[in-house]
Number of protein chains: 2
Amino acid sequence: MTRAKPTIEIARSAGWCFGVERIVQMAEKLLSETPNGPVYCLGELIHNPQEVERLRAKGMVFVKSHEELPPLESGQKRKVLIRAHGVAPAVKKALQRKGYEIYDGTCPLVTIPQKFAREIAEQGYRVVIMGHREHPEIQGILGHLEGLKVQIDVIAGPEEVGRLKLKASDRVGLISQTTHPYEKFAQLIGEVLKYCLEVRAYNTICQATFDRQDAIRELARRCDVVIVIGGRNSSNTCRLAEIASQYTTCYHIEDASELKGEWFLGKQRIGISAGASTPSRCIEAVQSAIEQLTSSVERPEILERV
Amino acid sequence: MTRAKPTIEIARSAGWCFGVERIVQMAEKLLSETPNGPVYCLGELIHNPQEVERLRAKGMVFVKSHEELPPLESGQKRKVLIRAHGVAPAVKKALQRKGYEIYDGTCPLVTIPQKFAREIAEQGYRVVIMGHREHPEIQGILGHLEGLKVQIDVIAGPEEVGRLKLKASDRVGLISQTTHPYEKFAQLIGEVLKYCLEVRAYNTICQATFDRQDAIRELARRCDVVIVIGGRNSSNTCRLAEIASQYTTCYHIEDASELKGEWFLGKQRIGISAGASTPSRCIEAVQSAIEQLTSSVERPEILERV
């Protein structure tokens, strides 16, 4: 029994984005300049467990919050890295007070929603942020609004507009987490303006998110199955899996070891995409593993074992 | 041969809106205070030919533009009415220079897009107006932007966004003609923000438009045929007919004389709606005419004649 070998296609835009590449390079540089360690990092550098382990092995120490950082003795020098998602200004101040040398790796594209959220709040608009309240990027944005006396809401999408209790006289500033789907944001704007006078909306979704989401949509339309690689705690990876699932069967994995032969039985077109925190070697490993799994599918005895 | 008499239902919101009622009352008052006439009106008072004829018979003189108004002799007094759609400030100044007594019937809801368009243009936003360039309301809004050095575009809807040639750095102010469908405006906002940094959008669609469009949508969903009454040059009436056509068979008429028996053959639920310029006596006349036409349908000899 022979079958045509399935085609495996990687989305035209997938894996590390500019902000992730930049922060990983910063981390590598700091580690090489600090051979006697440690280099601290506030939170996991990126939402990819394998990459975090790799950096931990090189001497990076991950702490959950600035409060976990040990106090410094007089004259002692220690470096702390702020990851791409950014932090609240209050956190940065706390690090300064503790005497740490700060290396700020906030993605320049994440500073845009921080800046606009502050600007519109200062102008008296009530602020609506589309995103996940617990996500570090959103926590950073909220931190930039501290001390301002305007109403601030974080909502997941247009389906939650009801709980904003909008009034006809409301003027609403709208921003989105950089990694959320644009279509949802556009719907949110339309839903909000239905009830109020003015919306001021900023396109704070980064280009890499646009490109990856467009690419996976295209890919999923012509594939029998799509594999999305990335941390389960990675917001942008979850969005990719969500989009692919609208068009075809999709599996979200963290690495090649999770792949199962049965996913590819009878599938002719297999697509692969990856979140912004997924290194290319991980994408390549998944591609090789799928090639192996699907070549064995040609042998009927293996087929039956599945 | 007998059939169940069809039900005829009038949309829960239809016909004269607040702005039209207000301007017709103003016109009547001016005419009664000026028994020796004439009272001038810039353009047709409302987009309803029958109503215009009625007022013309009472002594109202309709002129297409202020240039058509006769120059006044010294001491001569003449009244001119500005209709609900509003005019450009330059037109108002020209009337003042000519020495006419101005009665400004601009609908207060039409002054909202005029005001916001000016405000955002002054703040350096490029302005995109959704509407019909030739419509008097849009001409009035454009007149409020005279002398400002920003890019101004009038487009019919989201399908024309391509011709705006938006740049990533663009900050766009968006307003809509008061009588356009909200769904189209919401889509336009989403389409514009896809290509640029910021949109500032105003909900300039009036409540009467919202209500009438909601009502006809509801009505059309449960009717076999919908009759929309209003001037063919009435923008809001054309929008009602457009919406109804998405759900059922729809005929746009100006008055009862246009009705045809064949439209109602075999129809069990007949809906009626009317544009904001259509007086209630006209709606009632159409309802009676349909009742007559459909009662004769019960007689087979009439059926065959149709």
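Modeller: Two strands pair if DSSP finds at least two bridges between them; helices (H or I, at least four residues) and strands (E, at least two) are DSSP runs, numbered from the N terminus. This is a predicted model, where local features need pLDDT of at least 70, side-chain atom pairs count only at pLDDT 80 or more, and totals for chains, interfaces and linings use all residues. Side-chain values use heavy atoms, leaving out hydrogens and water, residues are numbered from 1 along each chain as its sequence is written, and chains are lettered from A and ligands numbered from 1 in the order in which they are written.

Colleague: In what order do the 4 strands of the open sheet in chain A come?

Modeller: The order is S3-S2-S4-S5, with parallel pairing. S3 (60–63) and S5 (101–104) of chain A are the edge strands, each pairing on one side only.

Colleague: How many bridges join S4 to S5 in chain A?

Modeller: There are 4, with S4 spanning residues 79–82. Within S5(A), Asp104(A) is the bridge partner of Ile82(A).

Colleague: Is Ile270(A) buried or exposed?

Modeller: Buried means under 20% relative accessible area, exposed over 50%, and partly exposed in between (1.4 Å probe, protein chains only). Ile270(A), in strand S12 (residues 269–274) of chain A, counts as buried because its relative accessibility is 1%. With contact meaning heavy atoms within 4.5 Å, Ile270(A) touches residues including Pro6(A), Cys223(A) and Phe264(A).

Colleague: And where does Gly147(B) lie?

Modeller: Gly147(B) sits in the loop between helix H5 (136–143) and strand S7 (152–155) of chain B. Gly147(B) counts as exposed because its relative accessibility is 79%.

Definitions and conventions
Lists of a residue's contacts leave out its neighbours within four places in sequence.
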